[in-house]
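I'm going to look up a handful of local features and jot down what turns up.

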Amino acid sequence: MTTLDELQSSASRVAAPGEGVGVDELRLAGRNHSMPLEALRYHPTPAGLHYLLTHYDIPFLDDASFRVRVGGRVERALDLGMDDLRTRPSVTLPVTFECAGNGRARMDPRPVSQPWLDEAVGTAEWTGTPLAPLLREAGLRDDALQVVFTGVDHGMEFGTEQDYARALPLAEALADDVLLAYGMNGQPLLPQHGAPLRVVVPGWYGMTQVKWLAGIEVIDHVFAGFHNASAYRLKQQADEVGEPVTRIAPRALMVPPGFPDFMSRTRVVEVGKHELVGRAWSGWAPVSRVQVSTDDGTSWTDAELDEPVGRWAWRGWRCRWAATTPGTYALRVRADDAAGNAQPLEHSWNRQGLSNTSAQRVEVVVRRPVP
């Protein structure tokens, strides 16, 4: 039986050589879920297919009595109910979310945590009121430096007990497209997606999109909370400070063609011409190029890009593949953005298993038509 002392002394861990996924990770994988890759065809992603990560428990909250408080280094603290927020100007934005740990389970050695493969992503139409006017209404003091967003969800992680909280630099929080969101795909937020209120910070990884948002505090110093100072940082050793993870790196994913084997997910297609399709995105700049390989990365072909559906939403792509010879093929896809960021073929390891954007690999068996 686990003791409180053992919980408080636990820290990030890397799996031993040959160590399989443990019960704790399976429990996390059962509570959370990824987006099935065939759902890349949908825009926006239906709420039930959108990826989901909940650090602690899903709070049971009452919309009518819920309050969000804006305070700290401001002239006038605000205390707002959901009706107050819904009467303010509203904006709807298509925004792609991706978990910073997407791809973690493909790292070797494997960091022990939520075992994501490639599918911790989704794009929704988020509706809410812009944050910047609220901060200006509260009156930012001259020494304001960062804005801390705190959710109602409470728990323990790496021995630290806390409410889930993340901070943004003030300039990022004042961006026009940062929303206090209460709607998803034209419907009220679902409990698991942060109802009744969450923050939406376009272009940033999912850890920034604080759910069940109850507190917005303006501070005059660098936030030292766990999920800024310790978690979500690129590091090789547990005692390193590491580089913070912020915006989403370029990534492309394809809809696996054909039909799957149940266990291995290996795909089966018949000899002939096929259209490969998928989506690509980046939090740094618009996607400018998508390339597809049908020989495991030896050679690459430029895909055709669909028209953008929004600055912060994924972009569709398509590529024709003439599968003329039976056999087994490894299909791969990668993306570049307009700022010069390129998706790598292989990942760069880090202790928390973050931002693994290595090019997707889909194994496909090509067969002759079955009579």
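Ground rules next. I'm working on a predicted model, where local features need pLDDT of at least 70 and side-chain atom pairs count only at pLDDT 80 or more, while totals for chains, interfaces and linings use all residues. Residues are numbered from 1 along each chain as its sequence is written, and side-chain values use heavy atoms, with hydrogens and water left out.

I checked phi of Trp-212 and got a value near 50°, which is positive in a residue other than glycine. Is Trp-212 buried or exposed? I use buried for under 20% relative accessible area, exposed for over 50%, and partly exposed for in between (1.4 Å probe, protein chains only). Trp-212 has a relative accessible area of 0%, so I put it down as buried.

Asp-296 also has a positive phi in a residue other than glycine, near 60°. I found Asp-296 in the loop between strand S17 (287-293) and strand S18 (301-302). Its relative accessible area is 33%, so it goes down as partly exposed.

Then I looked at cis peptide bonds. The bond from Asp-108 to Pro-109 is cis, with omega near 0°, and Pro-109 sits in the loop between S3 and S4. The bond from Ala-195 to Pro-196 is cis too, with omega near 10°. Pro-196 belongs to the loop between strand S8 (187-188) and strand S9 (198-200).

**Entry: Tyr-182**

Tyr-182 is in strand S7 (residues 179-184). With a relative accessible area of 12%, Tyr-182 is buried.

What does Arg-86 do at the ring of Tyr-182? Its charged end sits over that ring, 5.7 Å from the centre. My cut-off for this: NZ of Lys or CZ of Arg is within 6 Å of the ring centre and within 35 degrees of the ring normal. I noted another case, with the charged end of Arg-334 over the ring of Trp-300, 3.9 Å from its centre.

For a sense of scale, I compared Tyr-182 with Gly-258: they are 76 residues apart in sequence and 38 Å apart in space, C-alpha to C-alpha.

**Entry: aromatic pairs**

How many aromatic pairs are there? I let rings of Phe, Tyr and Trp (its six-membered ring) pair if their centres lie within 6.5 Å; planes under 30 degrees apart count as stacked, over 60 as edge-to-face and the rest as tilted. By this rule I count 5 aromatic pairs.

One of them is Tyr-51 with Trp-116: the centres are 5.9 Å apart and the planes at 80°, so I call it edge-to-face. Tyr-51 is in the loop between helix H2 (23-31) and strand S1 (67-72), and Trp-116 in the loop between strand S3 (91-98) and strand S4 (121-130), so the pair ties together parts that are 65 residues apart in sequence. Both Tyr-51 and Trp-116 are buried.

Phe-158 and Phe-226 are also edge-to-face, because their ring centres are 5.5 Å apart and their planes at 85°. This pair links distant parts of the chain, 68 residues apart: Phe-158 is in the loop between strand S5 (146-157) and strand S6 (160-169), and Phe-226 is in helix H6 (residues 226-229). Phe-158 counts as partly exposed at 33% relative accessibility, whereas Phe-226 counts as buried at 9%.

**Entry: the enclosed space**

I searched on a 1 Å grid over the protein atoms alone, where a cavity is a set of points where a 1.4 Å probe fits but cannot get out, and a pocket is an open set with protein on both sides within 12 Å along at least five of seven lines; lining residues have an atom within 4 Å of a point. Grid points are joined across faces, edges and corners, and a volume is the space filled by probe spheres set on the points.

I found 1 cavity of 30 Å³ or more. The largest cavity has a volume of about 240 Å³. Of the 19 residues lining it, the closest to its centre are Leu-53, Arg-198, Gly-206, Gln-209 and Lys-211.

Terms used. Helices (H or I, at least four residues) and strands (E, at least two) are DSSP runs, numbered from the N terminus.
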